[in-house]
Amino acid sequence: MGRHRSDPLGIARLALAGLAVVVLLALIGVGAKALISSLSSDDATPPGAPAASSAPPTSQQPSAEKVPTVQVVCQADICPVFVRVPGGDVLIDRDMARGEQASYFNPELDVVLDDAGTVQVFENGTARPAGQQGEREAFKVTRAPGQ
């Protein structure tokens, strides 16, 4: 007569398969919730993103507010903008939408505008002369002393 030995992993395999299904359903649920919340919130900005709003800049800045080194305001439907720290991180490299603005407070920045006539640029709170429509413009902005 042969000896039969019960398989000790039979129940463990079922438990592991059940656990995997529960984890998979939890990940799908968390992903769906994150997707829905990101689609429904228009004003949410990811952490580390520049301060962006659709309000036009005002000429008077309250003294308690810090003036940005550079502020770019899109005035057309699409405004291709590139801003980076010289030799370092790229802060923005995308098309901005009409009314959108981005402000950066770094000490020194490289700015490239693919169409300089589509944006209004403020350097240390002062409006920069507008570029020509369709003209590519590249320049460096340095933070004003005392700001």
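Visitor: What makes residues 54-63 a stretch to treat separately?
Guide: Their pLDDT stays under 50, where pLDDT is the predictor's confidence in each residue, from 0 to 100. The model has nine contacts for residues 54-63 beyond four places in sequence, a contact being heavy atoms within 4.5 Å. This is a predicted model, where local features need pLDDT of at least 70 and side-chain atom pairs count only at pLDDT 80 or more, while totals for chains, interfaces and linings use all residues. Residues are numbered from 1 along each chain as its sequence is written, and side-chain values use heavy atoms, with hydrogens and water left out.

Visitor: What is the mean pLDDT of the protein?
Guide: The mean is 82, and 77% of the residues reach 70 or more.

Visitor: Why is V67 called buried?
Guide: Buried means under 20% relative accessible area, exposed over 50%, partly exposed in between (1.4 Å probe, protein chains only). V67 has 17%, so it is buried. Its place is the loop between strand 1 (51-53) and strand 2; strands here are DSSP runs of E, at least two residues, and helices are runs of H or I, at least four, numbered from the N terminus.

Visitor: Why is the R84 and D110 pair called a salt bridge?
Guide: The rule asks for a side-chain nitrogen of Lys or Arg within 4 Å of a carboxyl oxygen of Asp or Glu. The closest N and O atoms of R84 and D110 are 3.6 Å apart, and the pair forms a salt bridge. R84 lies in strand 3 and D110 in strand 6, so the pair ties together parts 26 residues apart in sequence. D110 is buried at 15%, whereas R84, at 29%, counts as partly exposed.

Visitor: How do you know that E100 and R94 meet in a salt bridge?
Guide: Their N to O distance is 2.3 Å. E100 is buried at 16%, and R94 is partly exposed at 39%.

Visitor: What makes R136 exposed?
Guide: Its relative accessibility is 58%, so it counts as exposed. R136 also meets D114 in a salt bridge at 3.5 Å, N to O.
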